[in-house]
Amino acid sequence: RKNVEDFTGPRERSDLGFVTFDITADILKGKMIVICNVLFFLTCIHLRSIFDWNVKQLFLYLSAEYSTKNNALNQVVLWDKIILRGDNPRLFLKDMKSKYFFFDDGNGLKGNRNVTLTLSWNVVPNAGILPLVTGSGHVSVPFPDTYETTKSY
Amino acid sequence: QLYYQVLNFAMIVSSALMIWKGLIVITGSESPIVVVLSGSMEPAFHRGDLLFLTNFHDDPIRAGEIVVFKVEGRDIPIVHRVIKIHEKENGDIKFLTKGDNNEVDDRGLYKEGQNWLEKKDVVGRARGFLPYVGMVTIIMNDYPKFKVCI
């Protein structure tokens, strides 16, 4: 499986990271969901089904979490998707590019070995509480020590 | 007889006020109940929906949360989702927001030259919601004549 990962920069003196990923999700009533996030290696994240009578939609998002010299905690949402009640419960997304620019506040992505990607979701009910749930399981993405210049994305 | 009615009315009004003030204290938010004014968070929230907020000081702001914030100098609360956070060791945090239904992030909404939001701009975090209930407020604002009728 091809994994393309590089980053150009720095722009405005901040690191910009590029990540591509695959997501396989199976959201069925009452069954376990398996999400496979393939970057450098295959890791499976388990999601329990959540579409009950009071669920209007799910807001799914992939976020990268890491630490840098500048900031003790950074979280950047790379990709999101709204899943409405009644939508196809199986997601099979391959070679996805991040929807949003993965800018760091500074130069903390270079050589950062500990960037963790997790899938989380916000349950939006027809009425009631709005829980935010994080999937159990995550993928680590180590960024290289050097910058790449002019690589097509 | 009239005296009794006036007193009764005053009791009701002061009870409502006490409940509202109590809510402000319990949730820690200056405005624990807000009405969604725009369609920028559709299809989750529509104009007229009611949101219940909390604003506990120790609650960390994390990516993916729905926050209600006010831009410095403007009165209108905005309900959007946090998409980026950068937090220092001492707890100082700066974050970026974006409406689910918007193509771009909120930098265009912030003050001139402001690139990030801070904790002080937050009115609260959305914890619960009721659809449609807030429509009454919107109707009263859009049609002041209606307010006079009531």
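M41(B) is buried, with a relative accessible area of 1%. In this predicted model, M41(B) sits in the loop that connects β1 and β2 of chain B. Setting aside residues up to four places away in sequence, M41(B) touches I66(B), V79(B), H80(B), R81(B), G99(B), D100(B) and N101(B). One of these, D100(B), is 59 residues away along the chain, yet the two C-alpha atoms are separated by 4.8 Å.

The loop between β1 (33-35) and β2 (50-54) of chain B also holds P43(B). The peptide bond that joins E42(B) and P43(B) is cis, with omega about 0°.

Another loop residue of chain B is Y132(B), placed between β7 (122-130) and α2 (135-142). Its phi is near 65°, a positive value in a residue other than glycine. Y132(B) counts as exposed because its relative accessible area is 64%, and the cut-off for exposed is over 50%. M41(B), at 1%, counts as buried because the limit for that class is under 20%.

| Residue | Relative accessible area | Class |
|---|---|---|
| M41(B) | 1% | buried |
| Y132(B) | 64% | exposed |

**Chain B as a whole**

Chain B has three helices and seven strands, arranged along the sequence as α-β-β-β-β-β-β-β-α-α. Its C-alpha atoms fill a box of roughly 65 × 35 × 25 Å along the principal axes. Chain B has 150 residues, of which 38% count as buried. Among contacts in chain B with a separation of 6 or more, 54% are between residues 24 or more positions apart.

In soluble globular proteins, nonpolar side chains tend to be buried together. The largest nonpolar core here has 21 residues, and the members that touch the most others are V77(A), I61(B), F69(B), V82(B), I85(B) and F95(B). Two or more residues each come from β5 (55-66) and β6 (73-84) of chain A and from β3 (66-70), β4 (77-87) and β5 (93-98) of chain B. The element that gives the most is β4(B), with four residues.

F95(B) has contacts beyond its neighbours within four places in sequence, including I61(B), V67(B), V82(B), K84(B) and I85(B). Further along the chain, F95(B) is in contact with Y110(B), W116(B), L117(B), E118(B), K119(B) and V122(B).

**The interface of chain A and chain B**

Contacts between the chains involve 29 residues of chain A and 29 residues of chain B. The two chains bury about 2200 Å² between them, and 56% of this is on carbon and sulfur atoms. On the side of chain A, L73(A), Q75(A) and L130(A) lose the most area to chain B, together 25% of what that side buries.

The count of salt bridges between the two chains is zero, whereas 14 residue pairs are in polar contact across the interface, with both residues at pLDDT 80 or more. In chain A, the elements that each supply at least two residues to the side touching chain B are β5, β6, β9 (115-125) and β10 (128-129). The largest share, seven residues, comes from β6(A). By class, this side of chain A has 18 nonpolar, eight polar and three charged residues.

Definitions and conventions
Residues numbered from 1 in each chain as written. Chains lettered and ligands numbered in written order. Predicted model: local features only at pLDDT ≥ 70, side-chain atom pairs only at ≥ 80, totals over all residues. Heavy atoms only, no water. Core = buried A, V, L, I, M, F, W, Y, C linked by side-chain atoms within 4.5 Å. Buried < 20%, exposed > 50% of the residue type's maximum accessible area, 1.4 Å probe, protein only. Contact = heavy atoms within 4.5 Å. Buried area = accessible area lost by both parts, 1.4 Å probe. Salt bridge = Lys/Arg side-chain N within 4 Å of Asp/Glu carboxyl O. Polar contact = N/O pair within 3.5 Å; in protein donor to acceptor, adjacent residues only side chain to side chain. Nonpolar A, V, L, I, M, F, W, Y, C, P; charged D, E, K, R; others polar.
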